[in-house]
Amino acid sequence: MTASSPSTLDLLDQWQPPPRKRGPRGCVMLALLVVGALVAGAVWVVISLNDREPVPVKPEFVVPALKPAPRSAIPGDAGPLPAEPAKDAWIAKVSENTDIPSRTLRAYVNAAEKTVKTTPRCEITWATIAGIGRTESQHARHDGSRAGEDGVVTPPIIGIPLDGSPGVLAVVDTDKGALDGDPKWDRAVGPMQFLPATWKRYGVRASGDGAAPNPQNIDDAAMTTARYMCARGGDLGDPAGWWTAVLTYNNSTAYGQEVFSNADAYGKAALKP
């Protein structure tokens, strides 16, 4: 044995007994310890959550279903629009009261304000435009879409193909798919659901920046809704005019009653403090 080789005593000092295998009893004890730790953790979480203040849940905005006979009435007065210094605060309050996204509500209000100046005889209200918007796309929120700060709705909202299937009109393509991406059948487009041919005739650029009107822009869509309804109904402050405009949008009494109910509920909510 050389001087550098370990002695027998050295080897004995370094030797450790091999680890013992756990028997069934040891496994059970380990499992009980793990379960106990998990239960203790869960109890701590529950106690911690109970110590916190409850988070208030905002109630869903409810629209009472009204069923007036066509041409018999118009929705209740939504009150005057606010002057510019107070507009932001008013929009925030009404958005909170009605669950209309503030950016979309601003588009409705701006469309009504501009129309009052360009077509004063029409008397369309923001609440009526909002009534259409709720029915057509839940205020640009259909299927997870939303209106950005620039007004553009993403993802774009495009309706089903109007291919003449059961319960669906047949409308052959009119724009080579430019607006709806369908070169065979037309589809309603945007948060206010215009057919391409209608958009081509009535579409208006709300900003006036010279760009082409975009049906997927909530400002353009709301402004076009006001223009279209005023052109079709004339005086929307009169029951005959209001119903003519709405039923031209969709020739269904049930549809008109739904829009009526929406607009009436929004007008009442806007008057709340």
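Student: Is the crossing where H3 passes H4 left-handed or right-handed?
Tutor: In this predicted model, H3 passes H4 in a right-handed crossing.

Student: Which residues in H3 meet which ones in H4?
Tutor: On the H3 side they are Lys-87, Asp-88, Trp-90, Ile-91, Val-94 and Ser-95, and these meet Ser-102, Leu-105, Arg-106, Val-109, Asn-110 and Glu-113 in H4. The residues of this contact divide into 5 nonpolar, 3 polar and 4 charged.

Student: New topic: how many residues has the largest nonpolar core?
Tutor: That core has 52 residues, and those with the most contacts inside it include Tyr-108, Trp-126, Met-192 and Tyr-249. Among the helices that each supply at least two residues of this core are H3, H4, H5 (126-137) and H9 (253-270).

Student: What is Tyr-249 in contact with, leaving aside its neighbours within four places in sequence?
Tutor: With those left aside, Tyr-249 is in contact with Ile-132, Glu-136, Met-192, Phe-194, Thr-225, Tyr-228, Met-229 and Tyr-255.

Student: And Val-62, where is that found, and does it count as buried or exposed?
Tutor: Val-62 is found in the loop between H2 (24-51) and H3, and because its relative accessibility is 61%, Val-62 counts as exposed.

Student: How far apart in space are Val-62 and Ala-265?
Tutor: From C-alpha to C-alpha they are 8.1 Å apart, although 203 residues apart in sequence.

Conventions
Residues are numbered from 1 along each chain as its sequence is written. This is a predicted model: local features need pLDDT of at least 70, side-chain atom pairs count only at pLDDT 80 or more; totals for chains, interfaces and linings use all residues. Side-chain values use heavy atoms; hydrogens and water are left out. A crossing is left-handed if the near helix is turned anticlockwise from the far one by less than a right angle, and right-handed if clockwise. Helices (H or I, at least four residues) and strands (E, at least two) are DSSP runs, numbered from the N terminus. Contact means heavy atoms within 4.5 Å. Ala, Val, Leu, Ile, Met, Phe, Trp, Tyr, Cys and Pro count as nonpolar, Asp, Glu, Lys and Arg as charged, and the others, Gly among them, as polar. A nonpolar core is a set of buried Ala, Val, Leu, Ile, Met, Phe, Trp, Tyr and Cys residues joined through side-chain atoms within 4.5 Å. Buried means under 20% relative accessible area, exposed over 50%, partly exposed in between (1.4 Å probe, protein chains only).
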